[in-house]
Amino acid sequence: MRAPLSWLREIVDIPADQTGRDVAERLIRAGLEVETVETIGEGVIGPLVVGRVNQFEELTEFKKPIRWCQVQIGPDTINGIICGAGNFTEGDLVVVATPGTELPGGFRISARETYGKTSNGMICSERELGLGDNHEGILVLPEGTAEPGADAKPIIGIGDEVLDIAVTPDRGYALSIRGIAREVAIAYGLGFEDPGQALVDLPAPAASRELQECATEAPDGCDLITMRTIVGFDPKAPSPLWMQRRLVACGMRPVSLAVDVTNYVMLELGQPLHAYDKGKLKGVVRAAWASDGEPFESLDHVQRVLRSDDLVIRDDTGVIGLAGVIGGLHSEIDDETTAIALEAAHFVPEVIARAGRRHKVSSEAGRRNERGVDLDLAPYASARAAALLMEFGGGEYVGMTAVEAPHEPVVVPLPSSMPEDVAGMDIPGIMVVRILQAVGCGFEDETADVLRVTPPSWRPDLTDPADLVEEVLRLIGYDELPSTLPTAPLGRGLTPAQRIRRRLGMAMAARGYVEVLSYPFVGDAELDVLQLPADDHRRVAPRLANPLSEEQPYLRATLLPGLVSAARRNASRGHVDLALVEMGRVFQGDVADEGGARPGVRARPQEDEWSSLNELLPHQPHHMAGLVAGAREPQGWWGPARWSSWADAIEAVRVIADVAGAHVDVERGDDPVFHPGRCARILVEGRPIGHAGELHPRVIEVAGLPERSAAFEIDIDAVIADAIAIRPAPEVGTQPVAKEDLAVVVDSDVAADTVRAALESGAGELLESVRLFDVYEGPQVPQGKKSLAFALRFRAPDRTLSAEETAAAREGALASASAACGATLR
């Protein structure tokens, strides 16, 4: 919201020595976000005067239209000026920069020879003066604005300061000069005359004219609608210059008197208005719910298809507006409109926000309606607009119709001691009352221990005691609150799980992985890339009530979409040799229904309160996922490159387990994300915790990844739980070790880990370790077979093993592998 300081001064008696930056500092201290303070026409140095074009000559010998103008810039001073614009006539008042004046951008005006004439000055456009972006013609002032030679700077607003305020969603009242002026008055301790409650003198309604009727068929979406009718309006009447200048200063483009007045009142008071051409309306104008599939063409010439939960404004011909968001094309006012029906209504904010996002329409009216507009403001604002329309465009006032649904006033109970309990400082109850009264709140009893507070109609965000406490504290000043750092308990530091997660991150970085941090939001499109079926548990995730994007409305239940997107982005830019890893929370299951305890702020919640709150949340374990693609080891003088494969993904999981100090088992797996024959299931204590392997060819193709890309994802919390579990320390043997190597031939589809487990099972208690050190598939083994070579280590705790004992253990291991896997000795 852009707020000219001169406009604020009209409402609040700001001290004359206070600049825009001084006011901005006060507002920032009160909690508003003032982003910048701009000066209109900053960079204009030297005189700007009002000039009258007495006559001009068309110079036709040039490629573009050129006019040689005689411009009166004083009682007896006429300058000849060359001008390339054609939007003025003889007798018009213009703004002239005389020689010696410097315009924004360092453009200095001087007398110079051009087009065969000596041009003494320049007739200026809005953009050349830094007033706006309009450069289609020069700035023409209304007749009677001033006499030639008068200082033009105050007339066009040069030098006025404008505060640019970022309005948060809970402070819709600040999207108006009225709301910002109230904050300025509170910040300076000044009186405030509310323009939103000022009565406007309108003429008596003309009984002989037809009044435009209105109604609401959807009180749960529109609880108040008013319609004022004006006839005999002059559609050619221009907007006054001061109104145009204020609209431009606030970032809006002047269009016509009727449109400018509705925009001006919206900026001034915060009430969106819409002007209809009454001659195009049929029957009663009413707020109602749309029908599924109902068509509607909006002012921006877009054909829209409505749904049953879209709130619309309709008459007997059909939909004439998407309520509170954008008007319809076929009922808009135009250059022939002489009868105006002026709508002002109050809508439910959630309905407007939903419609704006669904139809991708962002309008100034929608921004205000979706934040909540003053419930009592509509009739006052429409009266103000009607008075301005008739003042500058003439016409006859026919009257107003209105329909309002009953509503109960909001009363918020507030313990008078709650603000000081939250702030940790002494705040007397009388100060709480005075501050909230300045905001506009009312009280049943100002001395009660529990204040019954009635928030003002323009603050629909004040619905909870905490909201009122926030108002008290921000107006006292957050810088006044005591700051006390909590004392950390001694001797704790990081938890075992935190230390392991940190160690895992460093270990993966040491092995060439780059850690990425992706957004935790996903949509159906990202999950479809992974070829997940509709009933997959990774599609069951919490849906956000207010997502940043409708394309990504869910919290992630898997880390793979973020890694795939990062890999695709890198691959599209030519970086195909990738080793990416991410560690973060995933969200499994849905959010429980609302309920549970609501703990206070004075003390730590009790354990039962914590439990009831946690039961509302989905399961949120830490996962770790990685993706490798392209060359895992580059080509060089040492030899050819080694390409990434499913084995690298499985090896990464083993590294993670070793660094954490946990034990994982690997077996053949089946997951729709991975290649059917190159997928491993990862287990801890027999419980699956994830998968690793080569990505499915369809996933690779759809995602645009390099061929044979591989990935893994495991539950790190399960790994850490196994790592920190209390178990007996390993015994360090002091007797000599007996070494035996064993090569067996098995079918190609038998997993090496299955053979390893069989060898462990049959080798007996003397086996200390078994390790796979070679895999061979070639002409020396039968077709469809492979050779697996294992290193077996035997040790007894109390003696040196004999050759017979070692051989017996070796034969037992071979027999077990033969029975379990069909292994034969090579």
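**Backbone angles, cores and a sheet**

Modeller: Just after α8, K360 takes a positive phi of about 55 degrees. Keep in mind that this is a predicted model.

Colleague: Where does α8 run, and which of its residues are buried?

Modeller: Helix α8 covers residues 349–358, and its buried residues are V351, I352, A353, A355 and G356.

Colleague: What covers those buried residues?

Modeller: The cover includes the strands β17 (285–289), β20 (311–315), β21 (318–322) and β23 (340–347), along with helix α9 (364–369).

Colleague: Where is H301 placed?

Modeller: H301 is in the loop that links β18 (295–297) and β19 (303–305).

Colleague: And why does H301 count as exposed?

Modeller: Because its relative accessibility is 57%, and the cut-off for exposed is over 50%.

Colleague: Then E685: which loop holds that one, and is E685 buried or exposed?

Modeller: E685 is in the loop between β36 (674–684) and β37 (687–695). E685 is exposed, at a relative accessible area of 66%.

Colleague: You mentioned β23. In what order do the strands of the open sheet with β23 come?

Modeller: The order is β16-β23-β15-β24, four strands with antiparallel pairing. At the edges are β16 (273–277) and β24 (396–404), each of which pairs on one side only.

Colleague: How many degrees are neighbouring strands turned against each other?

Modeller: On average 20 degrees, ignoring direction.

Colleague: How many bridges join β15 to β24?

Modeller: Eight, between antiparallel strands, with β15 spanning residues 222–231. I225 stands opposite V403 of β24.

Colleague: Change of topic. Which members of the largest nonpolar core touch the most others?

Modeller: L8, L27, I180, V184 and V265, out of 57 residues in that core. The most to this core comes from helix α7 (residues 257–269), which gives eight residues.

Colleague: What is L27 in contact with, leaving aside neighbours within four places in sequence?

Modeller: L27 is in contact with L32, V34, L163, I165, I180, E183 and V184. I180 and V184 are also among the core members with the most touching partners.

Key
Residues are numbered from 1 along each chain as its sequence is written. This is a predicted model: local features need pLDDT of at least 70, side-chain atom pairs count only at pLDDT 80 or more; totals for chains, interfaces and linings use all residues. Side-chain values use heavy atoms; hydrogens and water are left out. A nonpolar core is a set of buried Ala, Val, Leu, Ile, Met, Phe, Trp, Tyr and Cys residues joined through side-chain atoms within 4.5 Å. Buried means under 20% relative accessible area, exposed over 50%, partly exposed in between (1.4 Å probe, protein chains only). Helices (H or I, at least four residues) and strands (E, at least two) are DSSP runs, numbered from the N terminus. Contact means heavy atoms within 4.5 Å. Two strands pair if DSSP finds at least two bridges between them. Axes are lines fitted to C-alpha atoms, for helices over the stretch in contact, and angles run from 0 to 180 degrees between N-to-C directions.
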